[in-house]
Amino acid sequence: MSTRVHEFAWPDRVVVGTIGLPGARTFYLQVRAGTQIVSIALEKQQSALLAEKIDEILDQLITVEGNPFSVPTSTPIELVDNDQLEAVQEQFRTGAMTLDWDPTTAQVVIEAYPITDVDADDNDASLDEDGANEPEMLLVRMPVGTARAFAKRTREIVGAGRPTCSLCGYPIDADGHICTLPEV
C-alpha cells in the first residue's frame, strides 16, 4: 500500500495557529500552495519544539564557515504572517515528526506522520478503495526566511496561552486556580 503524501515544495503559506480559547486550544500546522490547503492537528509541545529546532538549525547554518546560504538572523518583515488560520479541515493528528535541512534546495524540511493507533475510530481515518486505512504524511519544504518567520509566529502562538501562576508554575484557568504546591 502506498503512502499518500501531502507535499508542499514552495508553499505560499505555512503557519501554526489555534482554534479555541486558552486552556482548550487545538493547535494546527497549516500549509497552503495555491488552492491546496492541508491542516494537521498537533500538540502545543510539538509546536514549541518544532519552532525551537528550526531556529537551532538556522542558527547553526549561520555559523558554518563558507556557508553559501543567506540565512536571516531574525524574521524578514515581509514574511511576518499574523493572519488567522484559513478554513480548517483536519487531515490527521500528528504523531511523529522529523526536521531536516536540504542543502540542495536551501530549505528546511518538515515531515509529519499521523498517530498510529489501532484502536482509532475508522470513521476518522482516510480509506483507500479497498476500505483499508491509507497511510499518509505531510512533507513541507520551506526556504530559510519562511522558516524563520514560521518559528517566530509559532513561539508567539504557543506563548499566547493561559498565564502561569507565580506560586506553583501551573497555568491559571479563566474560571480560577488552586495552587498545588510541591511538598517540602
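Predicted model: local features only at pLDDT ≥ 70, side-chain atom pairs only at ≥ 80, totals over all residues.
Colleague: How should I read a sheet, and in what order do the seven strands stand in the open sheet here?

Modeller: In general, the strands of a sheet pair through backbone hydrogen bonds, in either the parallel or the antiparallel sense; two strands are taken to pair if DSSP finds at least two bridges between them. Here seven strands form an open sheet with mixed pairing, in the order β1-β7-β6-β5-β4-β3-β2. β1 and β2 stand at the edges with a single partner strand each, so one side of each has no neighbour in the sheet. From one strand to the next, the twist averages 30°.

Colleague: Which strands pair with β7, and in which sense, parallel or antiparallel?

Modeller: Strand β1 (residues 4-8) runs parallel to β7 and is joined to it by five bridges, with E7 having L139 as its bridge partner. Strand β6 (residues 107-114) pairs with β7 in the antiparallel sense over six bridges; A112 stands opposite L138, and I110 has V140 as its bridge partner.

Colleague: Why is strand β7 described as largely enclosed?

Modeller: Six of the eight residues of β7 (residues 136-143) are buried, so the strand is largely enclosed by the rest of the structure. Of the 184 residues of the protein, 35% count as buried. T94, which lies in strand β5 (residues 90-102), counts as buried at 3% relative accessibility.

Colleague: Which residues touch the most other members of the largest nonpolar core?

Modeller: A nonpolar core is a set of buried Ala, Val, Leu, Ile, Met, Phe, Trp, Tyr and Cys residues joined through side-chain atoms within 4.5 Å. The largest one here has 30 residues, of which L29, I54, L58, L138, M142 and F150 touch the most other members. The elements giving two or more residues to this core are β2 (13-19), β3 (26-33), β4 (36-42), α1, β5, β6, β7 and α2. Leaving aside neighbours within four places in sequence, L138 is in contact (heavy atoms within 4.5 Å) with residues including L29, V31, I40, F92 and I110.

Colleague: How do I read a helix crossing, and at what angle do α1 and α2 cross?

Modeller: Axes are lines fitted to C-alpha atoms, for helices over the stretch in contact, and angles run from 0 to 180 degrees between N-to-C directions. The axes of α1 (residues 44-63) and α2 (residues 144-159) come within 9 Å and cross at roughly 145°. Among the residues making the contact are I54 and L58 of α1 and F150 of α2. The residues of this contact divide into 11 nonpolar, two polar and five charged, where Ala, Val, Leu, Ile, Met, Phe, Trp, Tyr, Cys and Pro count as nonpolar, Asp, Glu, Lys and Arg as charged, and the others, Gly among them, as polar.

Terms used. Residues numbered from 1 in each chain as written. Heavy atoms only, no water. Helix = DSSP H or I, 4+ residues; strand = E, 2+ residues; numbered from the N terminus. Buried < 20%, exposed > 50% of the residue type's maximum accessible area, 1.4 Å probe, protein only.
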